[in-house]
Every structure is written in structure tokens, then in C-alpha cells.
Amino acid sequence: MDTAIDVKGLKKSFGDTEVLKGVDFEVGRGEIFALLGENGAGKTTTVEILSTLRKQDGGIAIVNGFDVSSDPDQVRQSISLTGQFAAVDGILTGRENLILIAKLKSVADPAGVADGLLERFGLGGAADKRAGTYSGGMTRRLDIAMSLIGTPPVIFLDEPTTGLDPQGRLEVWKTIKELAGSGVTILLTTQYLEEAEQLADRIAILHGGKIIADGTLAELKKLFPPPKVEYIEKQPSLEDIFLAITSKKEGR
């Protein structure tokens, strides 16, 4: 596997609370990798470390070939981060938001880049409307479009559909699939099991400060007991798998 993200033994504590207790996983280039876990599992902390916003207490994290501890500037030039809350300026129009970021990144032809992204994300008709008037799905699409300026090879999406209605969520899912189709590596954190099931090439379950399962959906299904055949064979959903694995680890 051509590895874009390599994490080994990642540790992080806040006071006496050990959040990450030795996290290990790899993400292939051009892959959608879902980091799945309940609230407080350490998903955002992991993303903050990988994007150089927070220092780890132990372990190694390599992003696009650069160590987050020794080469943070190179890592930042290789990535983009879309957090849980959209970073758009509601007073500016969609086009103005994009042009502003393009200028801050010293990208050639900011207006041309903005127009291209507006069309790519289906926002051309709302380009000159204030971003504060956008729906949740449109705001998220604009937020992701802003993160693509400068063509980063790795994108971190931290719970990108939190708070969106079903239509907005579907819009963002479509955008994420299109990004991965263009060769971008995406690490996606989510607490929505359906989201991981729909989007991810591979899924890691973060629980108790460690990765307790990692693989494709088909591989994770093999961890679930064989289905009972009565009248029909019921295949386990990702929710069934998640609950079974986490319960087993806690000795329930």
C-alpha cells in the first residue's frame, strides 16, 4: 500500500486523563479512511495531532511523508483541515470567501480558482450571495471547497456532517466521494455509523484510547458472529459490529 498517513503508538493525555493510549493505523493514498468512535473517544485529538495543532505525548505520526513533530511546516503545506464547525465568513459572498483564501495562500489567479471551485461544488448560482444565507449543506460544501485551494493531497474532515439535515448530509457525502475519486486522501472522523458505512474504503474503531478494529466493512463483518438462518439471512450492519466489538472489549 502506498501510505499517505502512518500512525504508530500515538499517545496523548490531558491532566490525569489518558485519551490516546497507543493508537496505530495506516491510510493509503487516495483512500477514504473513517475513524469511528463515540463522543470523547479521541477522534478530534487524533486529527489535531496529525494536522500539527496539538503535540502528542508519545508515538510517531507521518503525514504525506513528513513527521508531524520534526517537519510540521511541511505537513501543513501537504494538508487541509475542515473542522466540526464551518470556517466561512457569513458576511462575505461564497466567491469572496474563496478568493480571500486563495490570496492568503498566494495562489495564482484567485478569481479563476474561485470560479472553478464554485462550479465544481454546485455553488455557481449562489456565488454572489452572502455565505450567511446558505443552507447547512451549501455552507459545508463551501467550507470543503475552501480547504481544496492549493490542491492539498491529504484532507482531514472532522465530523463534517454534524448538525446537517438529511439532504445536506447527502450533499456532503457526494462531495467527499468525488474528492476521493480525484485521488485525494481523506481521513474522516464520525460518530455516525451509516456515514462510515456509506463512505469509507476502510474503517477503524477508536475505543478506550486504542484502535480495537481496523479494516474494510467486509473484513469487519467477519468479526461478527455468523448470521442465524431462519427464514432469511440477516447480515450485520456496521452498528451491530460496532456495538459487539466495543461491548466485548468492556467485558459486557
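At what angle do helix α5 and helix α6 pack, and how far apart are their axes?

**View 1. The packing of helices α5 and α6 in the predicted model.** Helix α5, which covers residues 136-147, packs against helix α6, residues 166-181, at an angle of about 20°, and the axes of the two helices lie 8 Å apart. Because angles under 35 degrees count as roughly parallel, α5 is described as roughly parallel to α6. The crossing of these two helices, α5 and α6, is right-handed.

**View 2. The residues in the contact of α5 with α6.** On the side of α5 the contact is made by Gly137, Met138, Arg140, Arg141 and Ile144, while α6 contributes Gly168, Glu171, Val172, Thr175 and Leu179. Sorted by kind, the residues of this contact comprise 4 nonpolar, 3 polar and 3 charged.

**View 3. The open sheet of 6 strands.** The strands follow the order β6-β7-β8-β3-β9-β10, and their pairing is mixed. Strands β6 (79-82) and β10 (210-215) stand at the edges with a single partner strand each, so one side of each is left without a neighbour in the sheet. On average, and with direction ignored, neighbouring strands of this sheet are turned by 15° against each other.

**View 4. The edge strand β6 and helices that pack on the sheet.** β6 pairs with strand β7 (residues 154-158) in the parallel sense over 4 bridges, and Thr82 has Leu157 of β7 as its bridge partner. Helix α1 (residues 43-50) packs on the sheet, where it touches β3 (32-36), β6, β7, β8 (185-190) and β9 (202-207), and the direction of α1 makes about 150° with that of β8. Helix α5 also packs on the sheet, touching β6 and β7, and its direction makes about 160° with that of β6.

Note on methods:
Residues are numbered from 1 along each chain as its sequence is written. This is a predicted model: local features need pLDDT of at least 70, side-chain atom pairs count only at pLDDT 80 or more; totals for chains, interfaces and linings use all residues. Side-chain values use heavy atoms; hydrogens and water are left out. Axes are lines fitted to C-alpha atoms, for helices over the stretch in contact, and angles run from 0 to 180 degrees between N-to-C directions. Angles under 35 degrees count as roughly parallel, over 145 as roughly antiparallel, 65 to 115 as roughly perpendicular and the rest as oblique. A crossing is left-handed if the near helix is turned anticlockwise from the far one by less than a right angle, and right-handed if clockwise. Contact means heavy atoms within 4.5 Å. Ala, Val, Leu, Ile, Met, Phe, Trp, Tyr, Cys and Pro count as nonpolar, Asp, Glu, Lys and Arg as charged, and the others, Gly among them, as polar. Two strands pair if DSSP finds at least two bridges between them.
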